[in-house]
Amino acid sequence: MTMSTSPLESAKTAVETSSGLDIESIREDFPILAVRPYGKPLVYLDNAATSQKPRQVIDAIRRYYEGENANVHRGIHYLSQVATEKFDAAREKVQHFVNAAHSHEIVLTSGNTESINLVASSYGGAFLGEGDEILLTHMEHHSNIVPWQLLREKMGVVLKIAPVNDDGEIIMEDFERLLGPKTKFVSVVYVSNALGTINPVKEIVRLAHAAGAVVLLDSAQAVPHLTVDVQDIDCDFLSFAPHKMFGPTGIGVLYAKAELLERMPPYKGGGDMIKSVTFEKTLYNDLPFKFEAGTPNIAGVIGLGAAVDYLTNIGMDKIAAREAELLSYGTRILESIDGLRIIGRAKEKASVLSFIMESAHPHDIGQILDQEGIAIRAGHHCTQPLMQRFGIPATARASLSFYNTEEELDALGAALHKVNEVFG
Ligand code: C6P
């Protein structure tokens with residue numbers, strides 16, 4: 001006898017056979033997934049805020065503190081050599097992960113935000129001036145708006161904003177129209193944290209370069225989900241956030257073309273970024289150390305190296321394919337909820353599901369879901385201008401990662417029905 005299956009059940013079967021990943025064993029890598037909030041299974045759908053950490057990353061950090069802890073690039077003793085080797089190896093892993101041409105094009109910072117501030121302050125302070133135009137888009141995170149506003153206050157640069165359409169895509173005709181002879185810099189988010197839109201970054205870089213502008217890609221939400229190849233994209237700067245890609249907090253990455261880093265002045269002064277110091281004059285260190293003043297977050301960098309290994313072993317192509325499956329499954333679940341509107345319907349989309357409901361404010365949705373053990377984010381997601389563009393104060397946002405499951409998305413759907421029951 002053939003059993004009838006619902007569309008979602010048949011989708012689930014297809015997912016399990018096509019992803020090629022053993023999700024159950026992957027989930028065992030993440031100790032935190034065993035936490036039971038309020039006695040219920042944890043459903044962690046807040047990966048865009050920060051991802052959870054696999055045991056491999058946690059162990060690498062523990063190993064460092066238990067058996068390798070020393071400062072780097074300074075000591076001649078055994079521990080310092082071990083720590084320095086691990087630290088330098090992590091930079092090379094990051095280099096290969098984003099296909100940078102040289103390891104000295106990878107600058108280690110304290111976070112994605114810090115990486116963008118470094119560029120605005122160092123490159124912007126040295127090479128941009130009164131009346132120069134910087135082109136952003138309406139979907140930027142505050143981290144890619146405010147540093148440029150600070151520069152505007154200091155240098156008198158002009159900010160231009162490329163609009164987005166109702167689906168949450170950059171209107172490329174307007175983007176192109178806004179590029180002019182005064183455009184000296186373009187700074188664009190690769191994947192929107194609030195909408196999930198994957199922007200056409202190769203085309204953006206091509207157009208910007210043709211107009212003579214330098215390009216930064218805020219890739220905080222891209223690197224955990226897509227294969228990112230900086231040489232193929234040909235961007236000048238690319239920032240990302242290891243804590244969103246299964247690594248620790250307190251560490252960031254800035255990729256930059258070497259010729260730009262060579263010309264840029266240091267961002268901060270201190271130890272490690274110098275060759276020699278007298279009271280009269282300081283000679284700066286070679287790349288990338290010129291931009292890495294003070295003792296770095298050594299444990300964080302070693303943890304980042306382990307996160308890169310973890311992702312590489314699984315395979316970014318498999319991760320992207322799995323997340324595409326989860327995104328389409330989750331989209332269909334949300335579409336089945338009365339009075340729910342998805343914000344962000346770009347054709348090219350990463351695994352972010354932002355939505356509003358007629359029955360409840362996003363914060364109330366977040367609270368009901370929390371009671372069910374489901375972690376989402378509710379708010380403006382540090383994209384207030386984008387929320388204004390859509391005429392809404394906030395969204396509820398479920399952001400998925402490859403370790404999520406169809407069962408978890410079913411739980412999300414059931415909890416959203418409950419929201420309608422409670423508030424409807
Ligand atoms: N977005 C989110 O929940 P930091 O805080 O430096 O690690 O990253 C800032 C940042 C910059 N750009 C984009 C596209 C981002 O998504 C983020 C962080 C988190 O969406 C926290 S607001």
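Predicted model: local features only at pLDDT ≥ 70, side-chain atom pairs only at ≥ 80, totals over all residues.

Q: Where is Glu292 found?

A: Glu292 sits in the loop between β10 (282-284) and α11.

Q: And what does the side chain of Glu292 make a polar contact with?

A: With the side chain of Arg91, at 2.7 Å. The Glu292 side chain also reaches the backbone nitrogen of Leu108, at 2.7 Å.

Q: Which residues is Glu292 in contact with, leaving aside its neighbours within four places in sequence?

A: Those are Arg91, Ile106, Val107, Leu108, Gly271, Asp272 and Met273.

Q: How far apart are the end C-alpha atoms of helix α4?

A: They are 29 Å apart. Helix α4 covers residues 78-97, and its 20 residues should span 28 Å at 1.5 Å a residue, so the two values agree. Just after α4, Asn99 has a positive phi of about 55°.

Q: Let's change topic. How is the chain divided?

A: There are two parts: domain 1 (7-34 + 315-423) and domain 2 (57-313). In the contact, 36 residues come from domain 1 and 32 residues from domain 2.

Q: How far apart do the C-alpha centres of the two domains lie?

A: The centres of domain 1 and domain 2 are 28 Å apart.

Q: How much area do domain 1 and domain 2 bury between them?

A: About 2700 Å², with 58% of it on carbon and sulfur atoms. On the domain 1 side, Met316, Leu386 and Arg389 lose the most area to domain 2, and together they make up 24% of what that side buries.

Q: How many salt bridges does the rule find across that interface?

A: It finds 2 salt bridges between domain 1 and domain 2. The number of residue pairs in polar contact between the two domains is 20, counting pairs with both residues at pLDDT 80 or more.

Q: Which elements each supply at least two residues of the domain 1 side?

A: They are α12 (316-335), β12 (352-357) and α14 (384-390). The largest share of the side that touches domain 2 comes from α14, with 6 residues.

Q: Arg389 was on your list. What does Arg389 form a salt bridge with?

A: Asp166 is the partner, and the closest N and O atoms are 2.7 Å apart.

Q: How many salt bridges does the count come to by this rule?

A: The count is 22. One of them joins the side chains of Glu408 and Arg27, at 3.1 Å from N to O. Glu408 lies in helix α15 (residues 406-423) and Arg27 in helix α2 (residues 23-28), so this pair ties together parts that are 381 residues apart in sequence.

Q: Are Glu408 and Arg27 buried or exposed?

A: Both Glu408 and Arg27 are buried.

Q: What about Lys268, which residue does its side chain meet in a salt bridge?

A: Glu114, at 2.7 Å from N to O. Lys268 is in the loop between α10 (258-263) and β9 (274-277), while Glu114 is in helix α5, so to speak a link between distant parts of the chain, 154 residues apart. Lys268 counts as partly exposed at 44% relative accessibility, whereas Glu114 counts as buried at 19%.

Q: How many residues does helix α5 have?

A: Helix α5 (residues 112-127) has 16 residues, and it reaches 22 Å from its first C-alpha to its last, close to the 22 Å expected. Its buried residues include Glu114, Ile116, Leu118, Val119 and Tyr123.

Q: Last one: how far apart in helix α3 are Asp59 and Arg62?

A: They are 3 residues apart, which means a separation of about one helical turn. Asp59 and Arg62 form a salt bridge, with the closest N and O atoms 3.2 Å apart. Asp59 counts as partly exposed at 23% relative accessibility, and Arg62 counts as partly exposed at 39%.

Terms used
Residues numbered from 1 in each chain as written. Heavy atoms only, no water. Helix = DSSP H or I, 4+ residues; strand = E, 2+ residues; numbered from the N terminus. Expected span 1.5 Å × (residues − 1). Buried < 20%, exposed > 50% of the residue type's maximum accessible area, 1.4 Å probe, protein only. Domains from an automatic or database assignment. Contact = heavy atoms within 4.5 Å. Buried area = accessible area lost by both parts, 1.4 Å probe. Salt bridge = Lys/Arg side-chain N within 4 Å of Asp/Glu carboxyl O. Polar contact = N/O pair within 3.5 Å; in protein donor to acceptor, adjacent residues only side chain to side chain.
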